[in-house]
Amino acid sequence: MNTLCFLTILLIFVADCFAVQIIIGTTIHPVNAPHKGIVSASGNDKALLGTVHLKTFSVIPGLVHDNTHSFEMFGSGEYLRHSSFVMRLNKYDASDLFKKDASYRVISGMCKEGYVFQSYNYPKKGVKADGNSITLSDIPDTNFEDFCWKFSKPWTTGYTL
């Protein structure tokens, strides 16, 4: 039997933060465009929004820990990270900067549905769906809809998010 069948998902809500031990095989979608998901740009490392060839992620404890999470593209060793305020899919790099760029606080309670992914090293900025682009932008005081993200049902059966 596949070892994925034995994995469990542990969700703990603490102080409006989403804490997860591990989620295997989920796609990530902006709440304001649920038919889209994260894809990779042809010929470069930019992460974009699209409707086909959606990337599948594992949500894991953050590379910097400190109550954060990182999004590893399943089976590739690439992580969703920001660089120059653009979201990218890059191979793991053990540098402190890479770890910070690939770590996010997943915050509940700001959106009617879903979560805000707050940057670890730029705490006033979050991951924003902007048309087909994904950027790291200032989180507004209200109207968070462009910053709200949700997870698809993971491959492990019987669990919902």
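These notebook entries record what I looked up about aromatic rings in a predicted model.

**Entry 1. Number of pairs.** I began with the aromatic pairs, and the count came to 10. A pair of aromatic rings is described by the distance of the centres and the angle of the planes. I therefore looked up both values for two of the pairs.

**Entry 2. Phe71 and Phe117.** The centres of these two rings are 4.8 Å apart, and their planes stand at 40°, so I recorded the pair as tilted. I then looked up where the partners sit: Phe71 belongs to strand S8 (residues 69–73) and Phe117 to strand S12 (residues 115–119).

**Entry 3. Phe117 and Trp149.** Which arrangement do the rings of Phe117 and Trp149 adopt? Their planes are at 15° and their centres 6.1 Å apart, so this pair is stacked. It also links distant parts of the chain, since Trp149 is in strand S15 (residues 148–151), 32 residues from Phe117 in strand S12.

**Entry 4. Burial.** Are Phe117 and Trp149 buried or exposed? Phe117 has 1% relative accessibility and therefore counts as buried. Trp149 also has 1% relative accessibility and counts as buried. I noted that Phe71 is buried as well.

**Entry 5. A charge over a ring.** Lastly, I looked up Phe85 and found Lys125 over the face of its ring, at 5.1 Å from the ring centre.

Note on methods: Residues are numbered from 1 along each chain as its sequence is written. This is a predicted model: local features need pLDDT of at least 70, side-chain atom pairs count only at pLDDT 80 or more; totals for chains, interfaces and linings use all residues. Side-chain values use heavy atoms; hydrogens and water are left out. Rings of Phe, Tyr and Trp (its six-membered ring) pair if their centres lie within 6.5 Å; planes under 30 degrees apart count as stacked, over 60 as edge-to-face and the rest as tilted. Helices (H or I, at least four residues) and strands (E, at least two) are DSSP runs, numbered from the N terminus. Buried means under 20% relative accessible area, exposed over 50%, partly exposed in between (1.4 Å probe, protein chains only). A charge sits over a ring if NZ of Lys or CZ of Arg is within 6 Å of the ring centre and within 35 degrees of the ring normal.
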